[in-house]
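Notebook open, two chains on screen.

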Amino acid sequence: MNIKLKIWRQHNAAAKGEFVEYQLNEVPAEASFLEMLDILNEQLVLKGDDPVAFDHDCREGICGACGLYINGHPHGKFKNTTTCQLHMRKFKDGDTITVEPWRSEAFPIIKDLMVDRSAFDKLIQAGGYISVHTGGVPDANTIPVSKRNADLAMDAAACIGCGACVAACKNSSAMLFVGAKVSQFALLPQGQIEGEDRVQKMVARMDELGFGNCTNTFACQAECPKNISVSNIARMNRQYLAAKIGGKKTN
Amino acid sequence: MELNSNIPNGPLSEKWTKYKINQKLVNPANKRKLDIIVIGTGLAGASAAASFGEMGFNVKVFCIQDSPRRAHSIAAQGGINAAKNYANDGDSVQRLFNDTIKGGDYRAREANVYRLAEVSNNIIDQCVAQGVPFARDYSGLLANRSFGGAQVSRTFYAKGQTGQQLLLGAYGALSKEIEKGTVKMYTRREMLDLVVIDGRARGVIVRNLITGELERYAAHAVVVASGGYGRVFYLSTNAMSSNGSAIWQCYKKGACMANPCFTQIHPTCIPVHGDYQSKLTLMSESLRNDGRIWVPKDAEKARLLREGKIKATDIPEEERDYYLERRYPAFGNLVPRDVASRAAKERCDAGYGVNNTGRAVYLDFKEALQRLGKKAVEEKYGNLFEMYERIVDENPYVTPMMIYPAVHYTMGGLWVDYELQTTVKGLFAAGEANFSDHGANRLGASALMQGLSDGYFILPYTMQNYLADQINVPHFSTDSKEFEEAENAVRQKIAKILAINGNTTVDTFHRRLGHIMWEKVGMARTEQSLTEAIAEIKELRAEFWQHVKVPKTEGMNTELEKALRVADFLEMGELIARDALMRNESCGGHFRSEYQTPDGEALRDDEHYAFVAAYEYQGVDNEPVLHKEELRFENVELKQRNYK
């Protein structure tokens with residue numbers, strides 16, 4: 001198929017960016033979206049142009065590296081799909097495809113379609129873990145966990161940290177990302193000890209890093225490639241409220 | 001050079017305990033004075049860095065991705081083995097040890113493998129304490145499933161995303177230490193050289209992938225946990241940035257490469273569909289628990305299937321050849337990966353392959369859907385079925401899946417002794433980057449086990465033992481001539497590549513290398529194919545250095561990143577072929593067509609080849625020196641692997 005691409009090009013964080021159009025012909029329908037960009041880049045390199053920079057790695061939808069705004073949707077318009085899992089057969093011959101980077105103040109542009117998502121790492125560093133040391137832990141079956149809670153924790157933990165939720169949100173809120181992590185541990189007995197601290201610290205860090213608040217539009221859930229539910233945000237809010245009412249200050 | 005595996009004396013089951021009793025310690029005040037560099041943040045790197053940080057060392061950890069959470073361990077699907085015997089099916093440390101040694105076709109070190117089996121249980125405890133949401137049954141206790149190469153259910157799993165959950169656990173531990181300040185994290189950095197001072201590893205040169213600048217970092221010890229080199233085959237299940245360059249620089253600085261030809265071809269991948277394809281997608285081999293693998297009994301039917309004139313569902317039950325169940329009644333569809341892969345290739349070579357390429361076999365869930373119902377199948381494999389449908393555009397609940405083997409894992413890697421130390425003092429290798437535990441073939445769900453075992457439970461002990469006599473060595477300056485020389489060498493190599501300005505892209509060279517490797521150094525190798533491969537790789541390498549085209553872009557330059565990796569792959573490929581040519585036997589993932597039993601199984605030669613082949617670098621154009629570490633089996637009897 002033949003397609004027209006409108007791609008955001010920006011040499012570095014400080015440079016002024018612009019859309020550049022490319023005509024790409026004979027794109028195989030079986031190719032993934034990123035393979036289509038590979039084809040474009042190979043052509044650009046041979047012409048002596050700078051290839052389009054974009055993050056990608058596993059190309060099987062789990063590492064969370066890739067993330068492009070495709071025709072106005074993070075990862076494209078198809079549900080539960082990362083950019084690398086989007087195939088060209090979903091487009092038609094003659095289509096114009098607009099490709100942009102994530103748009104959020106918390107994720108500054110590095111180059112072209114590549115953004116800096118280190119704010120997500122900083123959120124996790126604020127307490128998105130259980131503080132056990134290596135060794136000296138009880139036998140794995142000492143504390144049973146109901147299958148229901150274990151399954152819900154797994155559903156929350158399935159987040160790949162791609163940032164689509166932030167990119168989709170008009171407030172650039174990271175509530176779905178943080179809510180998922182808080183929920184994973186809130187659902188497990190091992191996560192209880194630090195529960196109150198965790199939720200307060202992570203929420204405070206979210207504010208520090210410039211993420212916006214949640215106004216319940218649920219755009220995050222709609223665009224999440226891993227189907228993370230907004231009920232995780234509700235669970236986090238309950239936890240947060242309980243921690244505040246409980247009067248426990250963060251350490 | 002003398003290879004000394006430093007295996008502690010005494011009975012197998014007491015070696016590790018004895019080692020821990022006798023190892024040297026570093027007191028807390030001294031730990032603060034010692035720096036450790038860790039390359040890579042996969043299961044091995046992240047768990048090691050976190051554990052070192054907790055112990056009180058100063059840790060600098062580097063990853064190539066934008067976040068440590070994206071290392072390729074994240075893509076492991078199926079599970080992690082441990083000898084818990086929760087399933088009450090007769091498992092034990094001894095049995096996990098036996099299965100791993102046998103699965104590796106008797107080419108792994110007994111002492112290392114036993115230790116791996118021993119600490120396997122600690123890993124599960126550790127991960128549960130970290131909040132890893134493993135699958136559970138209705139009692140609330142942990143669930144298990146069986147995996148290829150085993151007759152017990154010892155595999156713990158978190159849906160089809162076990163690697164992701166374990167890595168996020170280790171990433172959490174790492175994040176905790178970053179927050180505390182014991183670990184400093186450097187993202188988007190690629191190690192381009194190892195700095196050796198007075199025979200000891202003391203630092204690295206890395207390239208900042210955003211600014212393009214070269215940076216120097218010094219430490220008292222260096223751990224390389226940079227993963228495997230499967231992308232030497234171009235198409236593989238590895239991530240795009242997975243590469244062999246970090247271990248290759250270590251090799252060039254004096255660390256031996258061990259058993260480079262032991263590469264694993266995974267049987268359940270989605271078949272290749274086109275030339276522009278950038279990677280292959282693996283589907284967990286847990287699918288083989290319920291899926292049945294077959295091709296048509298009649299070659300004519302296979303032809304019609306290839307031509308699209310009939311569909312798989314048109315072939316009646318009695319015309320299907322469930323060739324694994326036929327050849328291996330005891331293990332059936334659960335034979336080890338190398339056996340399953342070769343059997344698929346054998347059927348396709350004989351003209352029974354399906355898909356328009358003829359390079360695929362069916363993996364059919366019809367029986368499981370009838371036995372368990374769609375809901376149960378969906379619960380177990382839903383995400384895999386979805387992934388398949390997305391890529392192939394066919395519904396596996398209706399039409400059987402098509403699978404074909406693909407390069408997945410490299411058992412070979414840097415040679416390490418019992419302490420995971422390479423032949424360069426102070427340089428340690430962990431996870432897939434070392435060669436230690438899987439012999440000639442890795443069992444399913446054992447990679448995660450080894451990565452975390454090395455990082456959480458082995459290196460924290462052995463590293464301390466090494467650093468105990470380094471407490472009086474002050475922090476290193478990066479201004480020394482050794483750092484200067486290493487950085488200059490990297491700078492010159494980059495300048496040389498940029499100056500070529502040829503007419504062929506890096507990817508083109510990589511694809512051509514991959515083609516040579518897959519066709520001639522792949523699932524079945526012969527003396528002739530390997531000799532040809534060595535010559536062809538040399539030619540291709542020469543061509544690369546004359547004709548590669550890399551833009552001169554300042555700062556971030558993704559083509560340059562790829563070019564540096566491919567330049568190393570073009571050297572590695574040759575070593576892999578040389579090693580395969582040297583090893584005149586078939587074992588595990590290494591199958592030399594000349595050496596097979598009358599019914600097509602791998603034929604080992606224990607008399608002449610029961611050794612680890614460790615290569616010492618002698619320059620790009622010179623043959624490396626081969627050192628042999630003889631393998632002694634005192635606790636298992638060497639037998640031909642039999643899965644019948």
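**Interface**

I started with a salt bridge (a side-chain nitrogen of Lys or Arg within 4 Å of a carboxyl oxygen of Asp or Glu): Lys159(B) pairs with Asp155(A), with the closest N and O atoms 3.2 Å apart. The rule finds nine salt bridges across the interface of chain B and chain A.

Before going on, a note on ground rules: this is a predicted model, where local features need pLDDT of at least 70 and side-chain atom pairs count only at pLDDT 80 or more, while totals for chains, interfaces and linings use all residues. Residues are numbered from 1 along each chain as its sequence is written, chains are lettered from A and ligands numbered from 1 in the order in which they are written, and side-chain values use heavy atoms, with hydrogens and water left out.

Next I looked up contacts, meaning heavy atoms within 4.5 Å. On that rule, 77 residues of chain B touch 73 residues of chain A. The area buried between the chains is about 6,100 Å², with 53% of it from carbon and sulfur atoms; that is the accessible area (1.4 Å probe) that two parts lose on being put together, summed over both. Arg70(B), Tyr276(B) and Arg390(B) supply 12% of what chain B buries against chain A, more than any other three residues.

Several helices of chain B each supply at least two residues to the side that touches chain A, among them H3 (43–55), H6 (162–180) and H17 (558–582). H6(B) gives the most, with ten residues. Helices (H or I, at least four residues) and strands (E, at least two) are DSSP runs, numbered from the N terminus.

**Strand E1 of chain A**

Which residues of E1(A) are on its covered face? I found Ile3(A), Leu5(A), Ile7(A) and Arg9(A) there, with Lys4(A), Lys6(A) and Trp8(A) on the uncovered one. In a regular strand the side chains alternate between the two faces of the sheet.

Pairing needs at least two bridges found by DSSP. Seven bridges join E1(A) to E2(A), antiparallel, and Trp8(A) stands opposite Phe19(A). Four join E1(A) to E5(A), parallel, with Lys4(A) opposite Thr96(A).

**Single residues**

Is Asn557(B) buried or exposed? Buried, at a relative accessible area of 2%; the cut-offs are under 20% for buried, over 50% for exposed and partly exposed in between (1.4 Å probe, protein chains only). Asn557(B) is in the loop between H16 and H17 of chain B, and a polar atom of its side chain lies 3.1 Å from the backbone nitrogen of Leu560(B).

Ala406(B), in strand E15 of chain B, is buried too, at 1%. Ala406(B) and Gln264(B) are 142 residues apart in sequence, yet their C-alpha atoms are 8.3 Å apart.

Last, I checked backbone angles. Asp112(A) is not a glycine but has a positive phi of about 45°; Asp112(A) lies in the loop between E6 and E7 of chain A. Asp393(B) also has a positive phi, near 70°, in the loop between H12 and E15 of chain B.

Definitions and conventions. A polar contact is a pair of N or O atoms within 3.5 Å; within protein, one must be able to donate a hydrogen and the other to accept it, and residues adjacent in sequence count only if both atoms are side-chain atoms.
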